[in-house]
Amino acid sequence: MEVLNLITQLERKLQAYLRLLPAPGAGDAWLLEVQLYYEGAPAGTTTFNLQGYTQAEAEALARNIRQNDYLMHEIDQFLWGESD
(Lines give C-alpha, C1' and ligand atoms only; values in the text may rest on other atoms or scores of the structure.)
Protein backbone atom coordinates (compact mmCIF):
# COMPACT_ATOMS: atom_id res chain seq x y z
CA MET A 1 0.00 0.00 0.00
CA GLU A 2 1.52 3.27 -1.14
CA VAL A 3 0.87 6.25 1.08
CA LEU A 4 2.25 9.02 -1.10
CA ASN A 5 3.41 9.47 -4.69
CA LEU A 6 5.06 12.74 -5.55
CA ILE A 7 7.20 14.27 -8.30
CA THR A 8 9.46 17.07 -7.15
CA GLN A 9 12.19 19.25 -8.59
CA LEU A 10 15.34 18.78 -6.48
CA GLU A 11 17.72 21.00 -8.43
CA ARG A 12 17.63 22.72 -11.79
CA LYS A 13 18.07 19.56 -13.90
CA LEU A 14 17.35 16.95 -11.22
CA GLN A 15 13.86 15.61 -10.51
CA ALA A 16 12.67 12.89 -8.19
CA TYR A 17 9.68 10.59 -8.14
CA LEU A 18 9.03 9.81 -4.48
CA ARG A 19 7.06 6.86 -3.14
CA LEU A 20 6.35 6.55 0.55
CA LEU A 21 5.41 3.08 1.75
CA PRO A 22 4.84 1.61 5.20
CA ALA A 23 7.75 -0.59 6.24
CA PRO A 24 6.64 -4.22 6.51
CA GLY A 25 6.08 -5.41 10.07
CA ALA A 26 6.96 -2.10 11.71
CA GLY A 27 4.79 0.49 13.43
CA ASP A 28 6.17 3.97 12.90
CA ALA A 29 8.57 3.06 10.09
CA TRP A 30 8.42 4.03 6.45
CA LEU A 31 10.31 3.33 3.25
CA LEU A 32 10.96 6.37 1.07
CA GLU A 33 11.85 5.30 -2.47
CA VAL A 34 13.50 8.01 -4.57
CA GLN A 35 13.69 7.51 -8.34
CA LEU A 36 16.00 10.17 -9.77
CA TYR A 37 15.93 11.74 -13.22
CA TYR A 38 18.64 14.03 -14.56
CA GLU A 39 17.66 16.07 -17.63
CA GLY A 40 14.68 13.72 -17.99
CA ALA A 41 16.78 10.54 -18.15
CA PRO A 42 16.73 7.92 -15.37
CA ALA A 43 19.70 8.42 -13.03
CA GLY A 44 19.03 5.73 -10.45
CA THR A 45 16.92 4.73 -7.49
CA THR A 46 17.76 4.91 -3.81
CA THR A 47 15.74 4.28 -0.67
CA PHE A 48 15.66 5.63 2.84
CA ASN A 49 14.32 3.88 5.94
CA LEU A 50 12.47 6.36 8.10
CA GLN A 51 12.22 5.03 11.66
CA GLY A 52 10.09 6.59 14.40
CA TYR A 53 8.03 8.86 12.14
CA THR A 54 4.27 9.14 12.19
CA GLN A 55 2.58 9.00 8.80
CA ALA A 56 2.10 12.78 8.84
CA GLU A 57 5.77 13.36 9.69
CA ALA A 58 6.97 10.97 6.97
CA GLU A 59 4.71 12.64 4.41
CA ALA A 60 5.96 16.10 5.44
CA LEU A 61 9.57 14.93 5.11
CA ALA A 62 8.88 13.60 1.60
CA ARG A 63 7.06 16.77 0.54
CA ASN A 64 9.91 18.94 1.84
CA ILE A 65 12.84 16.73 0.86
CA ARG A 66 14.74 19.71 -0.61
CA GLN A 67 14.93 21.29 2.85
CA ASN A 68 16.37 18.15 4.46
CA ASP A 69 20.14 18.61 4.32
CA TYR A 70 20.87 15.00 5.29
CA LEU A 71 18.69 13.42 2.59
CA MET A 72 19.91 15.85 -0.07
CA HIS A 73 23.52 15.08 0.88
CA GLU A 74 22.82 11.33 0.64
CA ILE A 75 21.18 11.78 -2.77
CA ASP A 76 24.19 13.80 -3.92
CA GLN A 77 26.56 11.08 -2.70
CA PHE A 78 24.47 8.43 -4.44
CA LEU A 79 24.58 10.30 -7.75
CA TRP A 80 28.09 11.68 -7.79
CA GLY A 81 29.99 9.65 -5.18
CA GLU A 82 33.37 10.81 -3.99
CA SER A 83 34.36 12.38 -7.31
CA ASP A 84 35.64 15.61 -5.72
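Trainee: Leaving aside neighbours within four places in sequence, which residues is Thr8 in contact with?
Mentor: Thr8 is in contact with Leu14, Gln15, Ala16, Leu18 and Ile65. Keep in mind that this is a predicted model.

Trainee: Where is Thr8 placed?
Mentor: Thr8 sits in strand β1.

Trainee: Buried or exposed?
Mentor: Thr8 is buried, because its relative accessible area is 15% and the cut-off for buried is under 20%.

Trainee: Let's zoom out. How many helices and strands does the protein chain have?
Mentor: Two helices and four strands.

Trainee: In what order do they run?
Mentor: From the N terminus, the order is β-β-β-β-α-α.

Trainee: What about the radius of gyration?
Mentor: The protein chain has 13 Å. A compact globule with 84 residues would have a value near 12 Å, so the two agree. As for the box, the C-alpha atoms fill roughly 40 × 25 × 20 Å along the principal axes.

Trainee: What share of the residues counts as buried?
Mentor: Of the 84 residues, 36% count as buried.

Trainee: What share of the contacts comes from residues 24 or more positions apart?
Mentor: They account for 36% of the contacts with a separation of 6 or more.

Trainee: New topic: charges. How many positive and negative side chains are there?
Mentor: There are 5 positive and 12 negative ones. The centres of the two sets lie 10 Å apart.

Trainee: Why would charged side chains pair at all?
Mentor: Side chains of opposite charge can pair when their charged atoms come close.

Trainee: How many salt bridges does the structure hold?
Mentor: Two. One of them joins Lys13 and Glu39, with the closest N and O atoms 3.1 Å apart.

Trainee: Which parts does that pair tie together?
Mentor: Two loops. Lys13 lies in the loop between β1 (4-9) and β2 (14-22), and Glu39 in the loop between β3 (29-38) and β4 (41-51), so the pair ties together parts that are 26 residues apart in sequence.

Trainee: How accessible are the two partners?
Mentor: Lys13 is partly exposed, at 36% relative accessible area. Glu39 counts as exposed, at 53%.

Trainee: What stands out about the phi of Glu39?
Mentor: Phi of Glu39 is near 55°. That is a positive value in a residue other than glycine.

Trainee: Which side chains meet in the other salt bridge?
Mentor: Arg19 and Glu33, at 3.4 Å from N to O. This pair links distant parts of the chain, with Arg19 in strand β2 and Glu33 in strand β3, 14 residues apart.

Trainee: Are those two buried or exposed?
Mentor: Arg19 is buried, with a relative accessible area of 18%. Glu33 is buried too, with 15%.

Trainee: What is Val34 in contact with, beyond four places in sequence?
Mentor: Its contacts include Ala16, Tyr17 and Leu18, along with Thr46, Phe48, Ile65 and Ile75. Val34 and Thr46 are twelve residues apart in sequence and 5.3 Å apart in space, C-alpha to C-alpha.

Trainee: And Leu36, buried or exposed?
Mentor: Leu36 also lies in strand β3. Leu36 is buried, with a relative accessible area of 1%. Beyond four places in sequence, its contacts include Leu10, Leu14, Pro42, Ile75, Phe78 and Leu79.

Trainee: How far is Leu36 from Pro22?
Mentor: Their C-alpha atoms are separated by 21 Å. Along the chain, Leu36 and Pro22 are 14 residues apart.

Trainee: Last one, back to β1. What about Leu6?
Mentor: Leu6 lies in strand β1, and counts as buried at 19% relative accessibility. Leaving aside neighbours within four places in sequence, Leu6 is in contact with Ala16, Tyr17, Leu18, Ala62 and Arg63. Leu6 and Leu20 are 14 residues apart in sequence, and their C-alpha atoms are 8.8 Å apart in space.

Methods. Residues are numbered from 1 along each chain as its sequence is written. This is a predicted model: local features need pLDDT of at least 70, side-chain atom pairs count only at pLDDT 80 or more; totals for chains, interfaces and linings use all residues. Side-chain values use heavy atoms; hydrogens and water are left out. The radius of gyration is taken over C-alpha atoms; the globule rule is 2.2 Å times the number of residues to the power 0.38. Buried means under 20% relative accessible area, exposed over 50%, partly exposed in between (1.4 Å probe, protein chains only). Contact means heavy atoms within 4.5 Å. Lys and Arg count as positive and Asp and Glu as negative; His and the chain ends are not counted. The place of a charge is taken as NZ of Lys, CZ of Arg, CG of Asp or CD of Glu. A salt bridge is a side-chain nitrogen of Lys or Arg within 4 Å of a carboxyl oxygen of Asp or Glu.
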